[in-house]
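Look at the model below.

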Amino acid sequence: MNVFQRYTLRSLRRNRMRTLVTLIGVTLSMALFTAVLEGAQSGLSFLKQAEIDRTGAYHGLYYGLDGETAARAATDAMDRVSYLRTVGFAPSESVDPVKPYVAVAAADEAFFDLVTVKLSAGRLPENGSELILSEETAAALPGNVGVGSALTLSLGRRLAADGRALSLSDGLEFSDDGSGAEALSETLAGGESRTFTVVGLWSRLNLPLMTDGGSPAFLCLTRGDAPETDVSVLFTMKDPARFFPYFDQNAVSERLMPHRDLLMFFGGVRNRNLQSMLYGFAAVLVALIVFGSISLIYNAFSISVSERTRQFGILKSVGATRRQIRGTVLFEALVLGAAGILLGAVVGCVGLGVTLWALGDAFSYLANTPLRIHLVLSPGALGGAAAICLATTLIAAWIPAGRALRISPIEAIRQTRDIRIRPRDVRTRMLTSRLFGFEGMMAAKNFKRNRKRYRATVLSLFLSVTLFISASSFCAYLRASMDGVADPNAADLYVSLSGAEDADQLLSRLAAAPTVDKRACARYSYLARLQVDESALSADAREQSFFSQDLSADAIVCLVDDETFRTVCRSNGLDAEALLSAPAIAGPVFGQIAVRLSAPGGTRWRSFDLFRSGAAPMAAALLSARPPEEGYLLFDIVPGPDGELRYRYLREDYALELWRGEPPYDVDPDRAVLLTEEEQTVRTPVTLAPADVRPFFGVANDRPTVFLPASRAGELPMAFDHAEFFFTASDHAAAAEAMRAVLDELGPDELGRPSYLLQDLREISNGERLLLDVINVFSYGFITLISLIAVANVFNTVSTGIFLRRREFAMLRSVGMSRRSFRRMMDYECVIYGLRGLLFGLPAAGAVTYLLYRIVGQAVEMRFFIPWQSVVIAVGSVFAVVFATMLYSTAKIRRDNPVEALKTETL
């Protein structure tokens, strides 16, 4: 260790406060870099493993290929390849008409590595005489099929009516039987009897187009050889991020299905708008951290170098080279950087590990997996965080060192460069003296006398304001992008009733469940259209052409009891009694829409109001379907003889008889009534008042929702089939259990099915709620760390700047300035600091906020907003931190002996 390095270490020990604050700054910066990079690594690792655990590790698959095409499907761009070959199809003899076949497919060794097969019993097949099947298949097949059972199947090929071979992924083919009904037109050809031993049952196998609800066959898996007529190729890519660009040019078949839910974690996203938003957020996040870190460390070293300028001048005068002096500063940066990086890595990993542990259940629920998230210590992520932090520290030290080296030795020793001023440069206005007295005038002169030193303090405040508001905006827009597409209803429990039970009586019984707070009963019509006057529409509704040429759009009509109707009106500032007694039926209409629109580069969500803000009650009309006579139900829509659509109505008893069976339905044309749209449309005049404050239930976010009172139901020609109940409850699980006991007493409906549907909406929506909770935890954690960096920056800059002015303050005290006057002068300086910092910081923060708004706008359209609460906090915090730092610094200076302070050579 040379003399310059020993000198640097002594300097660090002598200026403990500045060293400590700088070390804290480096530690916080490293902790934040570590938390971001390790958090991203841990989150991606968890989500990848959760998706692989749920579905499999394959990146894509071809399906329904012939042998020649399947051979060409494997390319050098792929890493692992697996083949699944269909052995044949056999009649299932099950009661499920949607799955008339049992399909046997032969998998190779790699298949079970790429596709997740969760066995509930037994083991995987080892040869062509063994097979595994799902629990659903075992229950659907005749006989008691289980592990150890012998299953004999006559396996043949599916052939369409024109002789085409149908694959495992092809749906059932039907043809018109001449009577208007459809019949199964495909057949099974051949048939080789084979006996298999069932060696395992699976509880979950998620393979698209093969095991989903649209597959025509129960799938069984075996091993060994099979015909090359129906082959599926599963594969992983060497570069998953290039999946879509590669297959846009090199796909051997259109029958290609990407594993999108897994590819997105490798950067393989087709929607460029979403990708741009995610990358934009990441870029802003990293920029904020780097910006805050550089500003803190730069100001620390800038002040350190300014404090030691005279020492550098003496060293240069006795022969020290520029390289040696610069090395002194860089060695200081390396010492502080090494210690801060080590401490920051520990703090970041421990903090992130504890956070992930606390949120483990939330992540498991969100990802629908038994796996728990945990901290993944990645050498690459830690090395990257350390490299960024070290580079930040060295850059922050290099710049002020270079500035100090440009000063000549004489100027450095005399300390004249920073205080070389002319009288007019410190001239203040008479108004300043009259308004703020001698102390205010001195504060203004001090600010002008040494602009460079004060500029560092103002810069620190500017950066602090910008960082805090920008971080708050970052988190606010991240949460807003989630809120914009979330379910707008806040009900905890939902009950749909199709029986004949009296709705009011049942509502009272259900509302007696424990912890129920709010309740509502509604009846809906989902087949109405709303027709309005163009003058009531917002500019967004006209721009998006949400309403058709006749100014109508699909709408939901919600019929509620009069008391609930009054509550909805009162919450929106509407006169409920005037609406109830209006000549035409009247009520509020909610037109807040969140729709997914096509856009260049992909799709994006857009939220907007259909109706003008503050619009008065407007004349409108509800268009509804009218059956030919009472007792008829709309069964379906079919082509008419002229090619236009016709609405087919059947008597209620006949429609119920058909619905008891399975589609396709054999409808007797002589028992059906066909109506054109004009013939079946009824126009009902209504008066509607646009409303904004949604009730806790019953509002859609993809179409307007009209609320009308049940007392006027007789004036509405539309049918309201069944009652729907909504509740809020603090203990939603206990309330749901109590309600289920009440509903079980109702018995089955006319079709023999349960007469009610009970949904715990709180449980269903926990995913969205937990996701918002996770976002909030990380958002506020990020804001806290950024705020600590900002506070450390201001404290370091202001306190060190005050300590460097000890001779100045001692001189003022020696000529008679009282403590009160001194305190007032410092208070005025604090005000000047704060106002200057806000003058530049607020516009910069506004610009960053607008940048974030534009980034989010690539995937989710929303209005531009500024987090005013954060702005108020930032303004208050600026003055609080500056005044607190001033009090701390001046309290230490007041203990100095003026004579001793005047003797010091350090300025």
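This report covers the cavities and then the strands.

The model is predicted: local features need pLDDT of at least 70, side-chain atom pairs count only at pLDDT 80 or more, and totals for chains, interfaces and linings use all residues. Residues are numbered from 1 along each chain as its sequence is written, and side-chain values use heavy atoms, without hydrogens and water.

**Cavities.** Searching the whole structure gives three cavities of 30 Å³ or more. A cavity is a set of points on a 1 Å grid over the protein atoms alone where a 1.4 Å probe fits but cannot get out. Its volume is the space filled by probe spheres set on the points. The largest cavity has about 70 Å³. Its lining has 10 residues, and the closest to its centre are Arg823, Met826, Asp827, Leu887 and Thr890. Lining residues have an atom within 4 Å of a point. Two or more residues each come from α26 (819-856) and α27 (868-894). Helices are DSSP runs (H or I, at least four residues), and strands are E runs of at least two.

Strands pair if DSSP finds at least two bridges between them. Here are the pairings of β24:

| Partner | Bridges | Sense |
|---|---|---|
| β23 (residues 632-639) | seven bridges | antiparallel |
| β25 (residues 672-675) | four bridges | antiparallel |

Proline 639 stands opposite leucine 645 in β24. Arginine 648 faces leucine 674 in β25. Five residues lie between the strands in the hairpin of β23 and β24, where glycine 643 takes a positive phi near 90 degrees.

Technical notes
On a 1 Å grid over the protein atoms alone, a cavity is a set of points where a 1.4 Å probe fits but cannot get out, and a pocket is an open set with protein on both sides within 12 Å along at least five of seven lines; lining residues have an atom within 4 Å of a point.
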